[in-house]
Amino acid sequence: MSIKMIVPMEVGIACRDLPALRRFYENTMGFTFVSEITVSAENSAPSGLSADGYTVVRLQTPYGERIKLLAPNTPPQAEPAPAFILDKPNAAYLTFIVDDINAAIAKLLDAGIHFMTGRQRVEARPGVYLAFCRDPEGNVLELVEYSDIAAYRPDLKKAEN
């Protein structure tokens with residue numbers, strides 16, 4: 001028997017500068033604010049998230065997925081990023097499937113974001129274009145454009161214009 005999910009998946013992202021990362025995901029990536037909650041050390045320590053308490057901001061995409069930006073009251077030190085994404089143990093990244101990857105790259109470059117794949121999209125295979133960058137805290141983001149999105153996700157209906 002599998003676990004029965006009841007809402008779209010949510011992803012938690014630990015961060016050091018919550019206001020800056022929130023601005024990036026709202027203003028640049030287009031997420032909308034849902035809530036902000038502060039959790040005391042008394043409640044956060046048993047959860048395994050933080051010994052000293054934390055604040056969580058929930059943001060949502062137009063499709064209902066959410067990210068949770070979690071800032072511990074005692075932020076960890078930043079670690080240097082490896083040269084390649086998969087060189088980091090437990091590597092994870094967020095994928096954003098976009099309709100115009102060149103426009104998305106341009107918007108992120110204008111926001112001061114550095115691309116690991118350079119300033120141009122990369123054709124991973126025929127009709128599939130990608131670009132990897134890091135958000136302001138170093139979390140890896142992947143942008144992908146499919147020439148035929150229906151072939152990739154036939155389970156989704158085409159959005160009405």
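This is a predicted model: local features need pLDDT of at least 70, side-chain atom pairs count only at pLDDT 80 or more; totals for chains, interfaces and linings use all residues.

**Charge over a ring**

I started with R121, which lies over the face of Y129 at 3.7 Å from the ring centre. My cut-off for a charge over a ring: NZ of Lys or CZ of Arg within 6 Å of the ring centre and within 35 degrees of the ring normal.

**Ground rules**

I number residues from 1 along each chain as its sequence is written, and side-chain values use heavy atoms, with hydrogens and water left out.

**Overall layout**

I counted 4 helices and 8 strands in the protein chain. Helices (H or I, at least four residues) and strands (E, at least two) are DSSP runs, numbered from the N terminus. Read from the N terminus, the order is β-α-β-α-β-β-β-α-β-β-β-α. The C-alpha trace spans about 50 × 40 × 30 Å along its principal axes. Of the 161 residues, 33% are buried. For burial I use relative accessible area: buried is under 20%, exposed is over 50%, and partly exposed is in between (1.4 Å probe, protein chains only).

**Aromatic pairs**

How many aromatic pairs does a search of the whole structure find? It finds 5. Rings of Phe, Tyr and Trp (its six-membered ring) pair if their centres lie within 6.5 Å; planes under 30 degrees apart are stacked, over 60 edge-to-face, and the rest tilted.

I looked at F31 and F96, an edge-to-face pair at 6.1 Å centre to centre with 85° between the planes. This pair links distant parts of the chain, 65 residues apart: F31 sits in the loop between helix 1 (18–28) and strand 2 (32–39), and F96 in strand 5 (residues 93–97). Both F31 and F96 are buried.

Next came Y93 and F132, whose planes are at 90° with the ring centres 5.2 Å apart, so this pair is edge-to-face. Here too distant parts of the chain are linked, with Y93 in strand 5 and F132 in strand 7 (residues 128–134), 39 residues apart. I have F132 as buried, because its relative accessible area is 12%. Y93 has 37% relative accessibility, so it counts as partly exposed.

I also noted one aromatic cluster, formed by F24, Y25, F31 and F96.

**Cysteines**

I searched the whole structure for disulfides (a pair of cysteine sulfur atoms within 2.5 Å) and got 0. C15 is in no disulfide, and the nearest cysteine sulfur, that of C133, is 17 Å away. C15 is buried at 2% relative accessible area, and C133 is buried at 0%.

**Surface**

Which residues make the nonpolar surface patch of about 270 Å²? I97, I149 and Y152 do. I97 is found in strand 5 and counts as partly exposed because its relative accessibility is 40%. Patch rules: residues need over 30% relative accessible area and no salt bridge, with like charges joined within 9 Å and nonpolar side chains (Val, Leu, Ile, Met, Phe, Trp, Tyr) within 5 Å. A salt bridge is a side-chain nitrogen of Lys or Arg within 4 Å of a carboxyl oxygen of Asp or Glu. Areas are Shrake-Rupley with a 1.4 Å probe, and for residues only the protein chains shown count as cover.

Last entry: V7, in the segment before strand 1 (10–14), counts as exposed at 52% relative accessibility.
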